[in-house]
Amino acid sequence: MIAPAAVAVPPARRRRRLAVAVAATLVVLAPLGWFWQQSLLPRSYSVMDMGYLDHGGGPAAAMTGHGMAPMPMPMPTRSVTDLTAAPGVPDVDLTLTARAGPIDLGNGRTVDGYTLNGTSPGPVIRAQQGDLVHVRLRNESVPGGITLHWHGVDVPNADDGVAGVTQDAVPVGGEFDYRFVAAQAGTFWYHSHQLAHEQVQRGLLGALVITPRGGTGAGADALLLSHVYAGTATINGRPGAVAFPAAPGTRVRVRVIDTDNGATPVWVSGAAFRVVAVDGAEIGGATPVQDTAVLVTAGGRADLEIDMPADGAGVRVEIGGAALVLGSGPVRALPRPPRTLDMLTYGAPAALPFDPATAQRRFDYVIGRGPGFLDGLPGLWWTVNGHLFPDVPMFVVAAGDLVVMHIANDSGEAHPMHLHGHHAVVLARDGVRATGAPWWVDSLDVENGRSYDVAFVADNPGIWMDHCHNLPHAADGLVALLMYEGITTPFRVGGGSANAPE
Ligand code: C2O
Ligand code: CU
C-alpha cells in the first residue's frame with residue numbers, strides 16, 4: 001500500500017499545476033463576470049431600446065431605436081403622448097388625491113399604506129357606457145411617485161398610466177389628468193403602475209364600474225373588491241362578513257374583482273349563480289351553476305348573477321376568508337366546493353368577429369425559469385422565450401393586424417398574464433379548442449404546465465405592457481411589450497422621475 005502523502009511533487013510541476021488552476025478559474029469566472037456586467041441595467045433607459053424585436057412573421061418595418069440601420073424612408077413616428085381621447089366635456093369628472101398614511105379597516109385595525117381621497121380602496125368610479133371620464137390624480141404625499149392604470153379598460157395609450165412608458169410618475173405635489181371614453185360596459189379597476197408591486201398591495205387601487213345605458217337587468221348591483229391588507233382579507237376594504245341589502249326574490253349582480261397577486265376562488269352559499277361576465281365581457285348563455293367555485297384571475301373580474309331566494313333566506317358570496325352577505329335572512333357558510341367552473345366550455349358558443357386562421361402576426365410568449373443575473377443579482381429568474389429581462393421580446397404589430405399569441409408556461413408557477421389596451425379571446429387551452437361562449441380576457445391565469453392560444457385585434461395604437469399580474473413577478477422581469485409600428489415614447493424607465501413601472 002502506498003500512502004498518497006508520500007508522493008513528492010517536483011517544484012516545477014507544482015508551479016504548472018497552480019498556473020492551470022488559475023487559468024481554469026479564470027475560464028469559469030471571466031464569462032460569469034461578463035454576464036454579470038452585461039446584466040446591469042443602465043440608470044435610465046427607453047423601452048424603445050429594450051429587448052429584441054419580434055415581428056411575429058409580419059413585415060419588419062423601420063422602428064426607432066434597437067440599433068437598426070435607418071431606412072431610406074423613415075416611418076412617420078407618433079409619440080404616445082399624442083394618443084389621447086377626443087376633446088369634450090367629461091360626463092364623469094373627479095379628483096383623486098393620494099396620500100401615504102394609515103388605512104382604516106373598520107374593525108379597530110389600521111394598516112400603514114396609501115389612500116385615495118382618504119380611503120383604500122379609493123372611491124368607486126361609476127360611469128355609463130359611452131361616458132367621457134376625466135380623473136385628475138394628485139400626489140399629496142406618496143414618496144415614490146404614482147400613476148393610475150385603468151385595468152381592463154382599453155384607454156388611449158397616453159392615459160394608460162405606465163410610469164416610464166406612457167408618462168412620468170407623478171411626484172409629491174404633482175398632478176396628472178386622465179381622460180378616456182368608457183366604451184365597454186363592465187367591471188374594471190384602477191391601480192398605480194409606478195412601483196406597482198409595492199403600491200398596489202399597500203392600497204393604491206379602486207373599482208371602476210361601467211354600466212350599460214339600459215341598465216344590467218339586475219335589481220341590485222353589488223361590488224366585491226377583494227384585497228388583502230397586511231394579511232387581512234377584505235371586501236371593499238372591510239374584513240369578515242360584509243352585509244349587502246337584497247330583498248327576497250330580487251336579482252343581484254355581484255362584481256368580483258381580484259386585486260391580489262394570485263388566483264382567488266369565489267363560491268356562493270345558499271343559491272345558484274350564473275357567471276354573466278368575465279373581465280368586463282358578457283358571457284352569452286350563462287347557465288346556473290351550484291356547488292361550484294369560480295377561480296378569479298389576479299387582476300381579473302367575474303360578474304355573478306344571483307336570484308335571491310323567495311323565502312327570505314340570505315346568500316353568501318365567499319372569497320378568501322371573507323364573505324359578502326346578501327340579504328338579512330339565515331344562510332349557512334359552505335366550504336369551497338370541489339368543482340371549479342371551466343370557462344373553456346361554459347356558456348353558449350358564438351361566432352368570433354374574425355377568423356384566427358387569417359392572423360397577420362403569430363407570437364410565442366413562453367414563460368420559463370433559468371439561472372442568470374438580473375441587474376447584477378444571480379438567481380433563478382423568469383424567462384420569456386428563453387430570454388432574461390431586459391432582453392425580452394417586443395412584439396411588433398401594425399394597426400389593424402389580427403394577432404394570435406401562444407402563451408405557454410413551464411416555469412413551475414402560475415402566471416396571471418395581463419395585456420394592456422386590448423381584450424383577447426381564448427381560442428384553445430393545451431391545444432383543446434374553446435367550445436363555450438367566446439371567453440374574452442385581459443387577465444388570464446396560465447397555470448404551470450399549461451398553454452393557451454389567444455387572439456386579438458391590434459386596434460389601439462401605442463406601446464403596451466404585456467406582463468404577469470403577480471406583481472412581484474413583474475418586478476422580477478416577467479414583462480414584455482406590445483409595440484405598434486410608428487409609435488415612440490419620450491419617457492424613460494429610471495432617470496430623474498425614478499420611473500419604475502413594476
Ligand atoms: Cu393591472 Cu400592468 O396592470
Ligand atoms: Cu407570474
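How many nonpolar, polar and charged residues are in the lining of the second largest pocket? There are 13 nonpolar, 4 polar and 7 charged ones; Ala, Val, Leu, Ile, Met, Phe, Trp, Tyr, Cys and Pro count as nonpolar, Asp, Glu, Lys and Arg as charged, and the others, Gly among them, as polar.

1. Ground rules. This is a predicted model, in which local features need pLDDT of at least 70 and side-chain atom pairs count only at pLDDT 80 or more, while totals for chains, interfaces and linings use all residues. Residues are numbered from 1 along each chain as its sequence is written, chains are lettered from A and ligands numbered from 1 in the order in which they are written, and side-chain values use heavy atoms, with hydrogens and water left out.

2. The second largest pocket. Its volume is about 410 Å³. A pocket here is an open set of points on a 1 Å grid over the protein atoms alone, with protein on both sides within 12 Å along at least five of seven lines, and lining residues have an atom within 4 Å of a point. The volume is the space filled by probe spheres set on the points, which are joined across faces, edges and corners. Of its 24 lining residues, L295, L341, M343, W439 and E447 are the closest to the centre. Domain 1 (44–77 + 351–497) and domain 3 (217–341) both contribute to the lining, so this pocket lies between them; the bounds come from an automatic or database domain assignment.

3. The largest pocket. This one comes to about 490 Å³, and among its 25 lining residues L41, Y45, F389, A475 and V493 are the closest to the centre. The lining splits into 17 nonpolar, 4 polar and 4 charged residues. Domain 1 (44–77 + 351–497) and domain 2 (88–215) each supply at least three of the lining residues.

4. Copper. The protein donors of the copper ion (ligand 2) are H415 (ND1), C468 (SG) and H473 (ND1), at 2.0 to 2.1 Å. Donors are N, O and S atoms within 2.8 Å of the metal (3.2 Å for Na, K and Ca), and with water not among the atoms, sites may look incomplete. Along the chain the spacing reads H-x52-C-x4-H. H415 sits in strand β30 (residues 415–419) and C468 in strand β36 (residues 463–468), so the two tie together parts 53 residues apart in sequence. Strands are DSSP runs of E, at least two residues, and helices are runs of H or I, at least four, numbered from the N terminus. H415 counts as buried because its relative accessibility is 0%; buried means under 20% relative accessible area, exposed over 50%, partly exposed in between (1.4 Å probe, protein chains only).

5. Aromatics. I'd look at these too: the structure holds 8 aromatic pairs. Rings of Phe, Tyr and Trp (its six-membered ring) pair if their centres lie within 6.5 Å; planes under 30 degrees apart count as stacked, over 60 as edge-to-face and the rest as tilted. W150 and Y190 have ring centres 5.5 Å apart and planes at 45°, so that pair is tilted. W150 and Y190 are both buried. F354 and W440 go edge-to-face, at 6.2 Å centre to centre and 80° between the planes.

6. Inside. There are 3 cavities of 30 Å³ or more, a cavity being a set of points where a 1.4 Å probe fits but cannot get out. The largest cavity has a volume of about 110 Å³. β30 gives the most to its lining, with 3 residues.
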